[in-house]
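Dear colleague,

I am passing on the structure we spoke about, with the sequence alongside. Please have it open while you read the notes that follow.

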Amino acid sequence: MPHTISDFRLIQPGQFEPSEHWYPKALNAQIHPLTHFFLTLSQERIIKRYCHLRPTVNPAQLASLLEYQPRYFVWAGADLLQVTSAGGKRQMLVVETNSCPSGQKSMPLLNEAKEQGGYRQLMEHTFKPRLLGKRNLPQGELAVLYDKNPMEATGYAAAMADTFQEPVWLVPAPDEDAPLRFEEQVLQIRDPNSGEWRPIRAAFRYVTQRPWNRLPIKTKSYIFNPVIACLAGGRNKMMAAKAYDFLNADLANSGLKIITPETIWDVSKAEIPLWVHRLGGQAVVKVPYSNAGQGVFTIVNTAELDAFMAQDFHYNRFIVQSLIGNYNWSSTGTTGKLYHIGTVPNLRGRSYVADVRLMIQATASGLRPLACYARRAAQPLVDELSEGSDSWAMLGTNLSYTTAVGEWGTDTNRLLLMDHRDFNKLGLGLDDLIEGYVQTVLATVAIDRMAIQLMSQKGTLRTRLFRSLNDDPALLNEIM
């Protein structure tokens, strides 16, 4: 049955139907052998291979990072670009890291005998152990809260019901009029049939759009991932950039580093033309608190800059990043140019920008890969820009879009699976996947460490520190 964002019901054990929780093209896809091999590699073999190719990396330090046990950011996904320099140095670069990431509906089964795939794996190896480790949970039921992606939200709810062998509430939580409240820090949901308020002891959160305006930072009910993971960088690109910088400083002598585009933070709108000029006339401007491809602007000419400056924005602060495009029209940063490797040229000789989403989960043995897929841009990457070129069509890879009535849609024509059919188009090798995994772990650790710094011993936000790092009045007013 099709699902909508208004779907509010109780899901019973035994109701998981694979056809409802995977895209049709992914439902019967066969996972590519190389992807399967990567996802089943042990930590020890990954460390051995990674350090063999990078002799300056300390194996013990890499092991401690892969085995890291996050306090808050226990489920994450990084968007990675495969880039290279003029000298041919290939790298997997972190564009952003997402709390509560999508991806299960695009992931071929790792083991065909386990038809609930990554949905069940996340519940069994991350959600349930974390929940059982919590003391003094309030009495109540289980729930999945969501504001988009009902295909995956319902999948997690059904997998949760089977894992715990009890009913699970599927609860829509739109930006306004969400049927939930907090009484003495306990989450309550309003039963759609009786109108009764029901206490929830633990909730799996798939609320991705400004979750901090509906969910408080301190709760007695267990929220997975908690909102602080979003504010510290999981849904806050400004804080993420600073978190990466802090961790990179700590890793300065280790041979490890989070690789990102050159980033300028705390930029006012009036300053943006100056920074675009500083980067050679090409740049990416981002609203720090948006996601799903919203609030991202690629600028390669005066017309695109003028169009951006003519818009009004809710928030007061932006980040500006070096633009990665074709070598002939990428930003020139302090370390030179990086440009897209792109997909393997098709039969018409066209290559497309593609990114890789790598999802990881916290397990007893550390941060492990859970799912992986890729997305390509709508238009092929060209060598030279012409007058009126649409840079976003060549560089934007996100599949989500909003309709005229505000509903979310997905352009699955640009989805690339890690299967026999699509994987080879990406030009990725095992070492690229390993590097992407290490980059995802580093980014996740950086954000979790930032979250720890932002929380007081009483479990509340250290507001003064947060404001000093992210002084945006519009954002501060939204936080519950």
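Predicted model: local features only at pLDDT ≥ 70, side-chain atom pairs only at ≥ 80, totals over all residues.

The bend in helix 5 is at Met-123 and comes to about 35°. As for length, helix 5 covers residues 117-132, and its 16 residues should span 22 Å at 1.5 Å a residue, which agrees with the 22 Å that separates its end C-alpha atoms. Met-123, the residue at the bend, is also one of the buried residues of helix 5, a list that otherwise consists of Gly-117, Gly-118, Tyr-119, Leu-122, Thr-126, Phe-127 and Leu-131.

Turning to the protein as a whole, there are 14 helices and 19 strands, and the C-alpha trace spans about 60 × 50 × 45 Å along its principal axes. The radius of gyration is 22 Å, which agrees with the value near 23 Å that a compact globule of 480 residues would have.

His-21 is found between strand 1 (9-11) and helix 1 (24-27), in the loop that links them. Is His-21 buried or exposed? His-21 is buried, because its relative accessible area is 1% and the cut-off for a buried residue is under 20%. The side chain of His-21 is joined to that of Thr-154 by a polar contact of 3.1 Å.

Glu-262 also has its place in a loop, in this case the one between helix 8 (237-250) and strand 10 (263-267). Leaving aside residues up to four places away in sequence, Glu-262 touches Arg-278, Leu-279, Val-320, Gln-321, Ser-322, Gly-333 and Thr-334. With Arg-278, there is a polar contact between the two side chains, at 2.9 Å. Ala-283 lies 21 residues from Glu-262 along the chain, and the C-alpha atoms of these two residues are separated by 9.9 Å.

Conventions: Residues numbered from 1 in each chain as written. Heavy atoms only, no water. Helix = DSSP H or I, 4+ residues; strand = E, 2+ residues; numbered from the N terminus. Expected span 1.5 Å × (residues − 1). Bend = angle between axes of the 7 residues up to and from the residue. Buried < 20%, exposed > 50% of the residue type's maximum accessible area, 1.4 Å probe, protein only. Rg over C-alpha atoms; globule rule 2.2 N^0.38 Å. Polar contact = N/O pair within 3.5 Å; in protein donor to acceptor, adjacent residues only side chain to side chain. Contact = heavy atoms within 4.5 Å.
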